[in-house]
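Subject: Structure for you to look at

Hello,

Here is the structure I said I would pass on. My notes on what was found in it follow below.

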Amino acid sequence: MHASSQEHQQPPIALYFKVWGLLFVLSTMSYLVDYFQLHGLLRWSLILAFMALKAGLIVAVFMHMAWERLALIYAILLPPLLLAVLIGLMFSEASWVHQMRSFYFK
Amino acid sequence: MTASSTTGSSAPGWRGLVEDWAADQQAFQVPWGKAMMWIFLLSDTFVFSCFLTGYMAVRNSTTVPWPNPSEVFSLQIAGQPVPLLLIAIMTFVLISSSGTMAMAVNCAYRRQRGAAAALMLATALLGATFVGMQAFEWTKLIHEGVRPWANPMGAAQFGACFFMITGFHGLHVSAGVIYLAVVARRVQQGRYEHGPGGPNYQIVEIAGLYWHFVDLVWVFIFALFYLW
């Protein structure tokens, strides 16, 4: 709880530079996916992979999650998993609405 | 931090209620401000996820073709359209601001007040640049006839998603710029040198959490809205 106990956990500044550079590279690569007009499964998987890597780096290093205790990590990172339910429900709902619209309005 | 009793208080009425809720057992071994910021960011995660899920729902359910973001957000450079150029620059600006913010937190814990304040101001300036470019982008699209209810390029839901998602994110960036500017000024004035428990620069890390979250949300918007 003391300010001093926080200071010892500070990661070396070189690590920040590495992550900074890595985020630049990953952003450039996801931009190139669009620039070269990749399509289909390759495009989606690359976009999602670069997105996940960038998000992971930001949360783990820049937001110091990698140096936190498990109690905090689980309290913050587990609840968003519930969103998978929302996304699943909305995806099937949207597909259904799309089918109905294609059937009745076209 | 000093008044944390683990057994609670027997005070009656409102005072007792406040003490029971404020001085309960401690689950997180971090300063309360940091825990609260994380919980706020968790709630914000759900807000932005609802926006992005809503965007997915309307995009998947419309039978009208979705406008191609690669073309909508291209800029003319020497007569040639470059896809997503402004968005790419915005992305790099925001990532750089995250980098300077991480350095500011590091400097603050080393008690290098001047460097920490300067880096925070640099972060705020990069954030303001980002908002400026977003304003430019909004102006361009509005001139091209994009509205929340209609647009000349395709599915009407495109405008609603665009203005809602980027507008809410831009609002977060703007709030972060003000927040960082205020904290940077206080750091420079030395306000955090003389706390009750000695120098305490946790506020810089807490402000940094908010700022990195803004960058984190942009990672998802960039991938799911602009690149998809």
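Predicted model: local features only at pLDDT ≥ 70, side-chain atom pairs only at ≥ 80, totals over all residues.

Although A:Q37 is not a glycine, its phi is positive, at about 55 degrees. Its relative accessible area is 36%, so A:Q37 is partly exposed.

B:L84, which is not a glycine, has a positive phi near 55 degrees. B:L84 belongs to the loop between β2 (80-82) and α4 of chain B. Is B:L84 buried or exposed? B:L84 has a relative accessible area of 0% and is therefore buried.

Annotated regions

For chain A, an unreviewed UniProt entry gives "transmembrane region" at residues 13-33, 45-65 and 71-91. In the model, residues 45-65 of chain A are 86% helix and 0% strand, with 26 Å between the end C-alpha atoms. For residues 71-91 of chain A the figures are 76% helix and 0% strand, and the end C-alpha atoms are 32 Å apart.

For chain B, an unreviewed UniProt entry places "transmembrane region" at residues 35-57, 77-95, 116-136, 156-182 and 203-227. Residues 156-182 of chain B are 96% helix and 0% strand, and their end C-alpha atoms lie 40 Å apart. Residues 203-227 of chain B are 100% helix and 0% strand, with the end C-alpha atoms 35 Å apart. UniProt (unreviewed entry) also puts the feature "domain: Heme-copper oxidase subunit III family profile" at residues 37-228 of chain B. Over that span chain B is 75% helix and 3% strand, and the end C-alpha atoms are 31 Å apart.

Pocket and cavities

The largest pocket holds about 1000 Å³ of space. Its lining is made up of 31 residues, and those nearest the centre are A:M51, A:I87, B:S49, B:F220 and B:L224. Two or more lining residues come from each of α3 (41-62), α4 (70-77) and α5 (83-105) of chain A, and from each of α2 (32-61) and α7 (202-227) of chain B. Which element gives the most to the lining of the largest pocket? α2(B) does, with 12 residues. By class, the lining of the largest pocket consists of 26 nonpolar, 4 polar and 1 charged residues.

There are 6 cavities of 30 Å³ or more. The second largest cavity has a volume of about 50 Å³. Lining the second largest cavity are B:F73, B:L75, B:L86, B:I87, B:E137, B:K140 and B:L141. α4 (85-109) and α5 (113-143) of chain B are the elements that give two or more residues to this lining, and α5(B) gives the most, with 3. The lining of the second largest cavity has 5 nonpolar residues, no polar ones and 2 charged.

Nonpolar core

The largest nonpolar core has 92 residues, of which B:F73, B:M120, B:V187, B:W218, B:F225 and B:Y226 touch the most other members. At least two residues of this core are supplied by each of α2 (13-35), α3 and α4 of chain A and by each of α2, α4, α5, α6 (157-189) and α7 of chain B. α7(B) gives the most to this core, with 18 residues.

B:V187 is worth a look in the viewer. Apart from neighbours within four places in sequence, B:V187 is in contact with B:R113, B:A116, B:A117, B:M120, B:Y192, B:Y201 and B:V204.

B:S98

The last item is B:S98, which is placed in helix α4 of chain B. B:S98 counts as buried because its relative accessibility is 0%, and the cut-off for buried is under 20%. Which residues does B:S98 touch, not counting those up to four places away in sequence? They are A:F62, B:W211, B:H212 and B:D215. B:S98 and B:T123 lie 25 residues apart in sequence, and their C-alpha atoms are 7.2 Å apart in space.

Regards

Definitions and conventions: Residues numbered from 1 in each chain as written. Chains lettered and ligands numbered in written order. Heavy atoms only, no water. UniProt positions renumbered as here; feature names shortened; annotations may be inferred. Helix = DSSP H or I, 4+ residues; strand = E, 2+ residues; numbered from the N terminus. 1 Å grid on protein atoms, 1.4 Å probe; cavity = no way out; pocket = protein on both sides within 12 Å on 5 of 7 lines; lining within 4 Å. Points joined across faces, edges and corners; volume = space filled by probe spheres on them. Nonpolar A, V, L, I, M, F, W, Y, C, P; charged D, E, K, R; others polar. Core = buried A, V, L, I, M, F, W, Y, C linked by side-chain atoms within 4.5 Å. Buried < 20%, exposed > 50% of the residue type's maximum accessible area, 1.4 Å probe, protein only. Contact = heavy atoms within 4.5 Å.
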